Amino acid sequence: MLDAYYSMTEQHRQHVARVPKRTLDPSDWRAHRDVAHRALDEMLDYQQGVADGPAWRAVPAELDAEYQTPAPLEAQGIERAYDDFLRLVMPYPTGNAHPRFWGWVPGQGTPGGLIAALLAGGMNNVSGQFNDGASRVHDQVITWMIDAMGFPTTASGILTSGGSVANLVGIAVGRDAQAGFDTVAGGLAGEDALRVYGSVETHSSVVKAAQLLGIGRDNVVLVPINDRFEIDAAALAEAIQRDRKAGHRPAVLIGNAGTVGTGATDDLDLLADIAADANLWFHVDGAFGAIAAWSDETRHLVRGLDRADSLAFDLHKWTSVPYDVGCVLVRDADAHHRSFASAANYLEPLDRGTAAVQDPTNGRGLQLSRGFRALKVWMSIKEHGMARFGEVAADCVRQTSEFSALVERRDDLELMAPAPMCIACFRYAPRGVPDDQLDGLNREILMRLQEEGIAVPSSTRIDGSFALRVANTNHRTTFADLEHLAEETVRLGRSIYAGN
Ligand SMILES: Cc1ncc(COP(=O)(O)O)c(C=O)c1O
């Protein structure tokens, strides 16, 4: 390159030096400033008035073509980009900001979170790897999480994109720590099968993690549950023994702190004992349920969670930090680093300057470049205080228990599973409707609840039957919202059964 430069004529060199550099900065900063202010107001208006709109609205088919236009070659400008957002995106949100959105496990976001997301986007730190404020904020958040979850101060942790990656990281460390051979250097080839255990209610991300980590889906042993939807400890002990006899290597035990299906929590104290006796890594998936540990009122629901070797949980679910942000904590910091540390010429830490960082996040997870997720958590916690998140969780648990009682009192609704935390599974099942019609009827009710913008529960299957599933991790939900759901479920059920 330089040779070519020096061989240019003087005239050519001067020409090159004079060609203005093209940049992505605006020529008119005023226009960006105007759009930015309008956008912020629009988002605050949305959050403030979200309850007045529908819980969900379908994208009209007439707009389909608009999402298929090719990428513009020429600039259209920020105003046009923003107008397109207002027309094509903003009117059709997923709906999870709404007080009657209870599908899957929703987080709503907050106005403060919006501000933090804006600031993180504006600063655009390449977080974690460098000697900067963002790294310090990340590690301060991890220290806060370690404290909130009752882990030892020597534990390690990292913010992730969510619970799935948090599970992946925790199980990776468990695999490497318990394999009995060098998985990090040599992989798994030719070795005895490693086995992971969890109840049949274990989240699919755990199975996916086992697939990705070379453990294999078939080596995740899904153990039966009792009538509270918690792992059957005797069946677990048998499975471990059977596997050892068969020459497999039991490695990781998953404890659920709030299953995605019904919100059940395994007996984590007992599982910690079993893991210690059987020399297994004890990973707890507390994607939403772990937050119950933040309130005196609900901590008992997840007793034993602080005995995990690794704990995965989300901050974008029950604490409503804007998507996406999860967290994994690992009790043994050395084990955590052994699984993820890597060396590269271009990443050598220096004693001073930008690269002077002691414990880069790169050595604690998959990502090198990462966005500044920590700011959203840090500012949310400063804004609300840790206690408020626990209070919200406790309120949601109380509401869910009252909603379950309401369902049980009605003879046209049926509670389909215990609801110990923030999830209730139920269906419309009045006397007289044949059993074999209930699945179809409730599936239609669910779609109409969503299409009419009334509410967004999701579904699951309980003992094979279709259930409406309400995951009340929603800080905006009032009990009147849940009463409305019950009324509307019955109204729709009657109307659909009558053939309308
Ligand atoms: C129990 C459980 N584990 C893991 C996950 C995955 O978390 P994420 O969606 O943040 O990847 C979920 C998501 O709902 C969950 O409920």
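**Figure legends for a predicted protein model**

**Figure 1. Burial in the predicted model.** Of the 500 residues in the protein, 50% are buried. The model shown here and in the following views is a predicted one. The accessible surface of the protein amounts to about 24,600 Å², and carbon and sulfur atoms account for 51% of that surface.

**Figure 2. Secondary structure and overall dimensions of the protein.** The protein contains 16 helices together with eleven strands. Its radius of gyration is 26 Å, close to the 23 Å given by the globule rule for 500 residues, so the protein is as compact as a globular protein of that length. The C-alpha trace spans about 95 × 60 × 40 Å along the principal axes of the protein.

**Figure 3. Contacts across the sequence.** Among contacts between residues at least 6 apart in sequence, 74% join residues that are at least 24 apart.

**Figure 4. Charged side chains of the protein.** The protein carries 46 positive side chains and 66 negative side chains. The centres of these two sets lie 3 Å apart.

Figure 5. Helix α4 comprises residues 78-88, and its buried residues are Y82, D84 and L88. These residues cover an arc of only 155° around the axis, which places them on the same side of α4.

**Figure 6. Packing of helix α4 against helix α3.** The view shows the partner of the buried residues of α4, which pack against α3 (29-49). The residues of α4 concerned are Y82, D84 and L88.

Conventions: Residues numbered from 1 in each chain as written. Predicted model: local features only at pLDDT ≥ 70, side-chain atom pairs only at ≥ 80, totals over all residues. Heavy atoms only, no water. Helix = DSSP H or I, 4+ residues; strand = E, 2+ residues; numbered from the N terminus. Rg over C-alpha atoms; globule rule 2.2 N^0.38 Å. Buried < 20%, exposed > 50% of the residue type's maximum accessible area, 1.4 Å probe, protein only. Contact = heavy atoms within 4.5 Å. Areas by Shrake-Rupley, 256 points an atom, 1.4 Å probe, with all protein chains shown as cover. Lys, Arg positive; Asp, Glu negative; His and termini not counted. Charge placed at Lys NZ, Arg CZ, Asp CG, Glu CD. Arc of directions from axis to C-beta.
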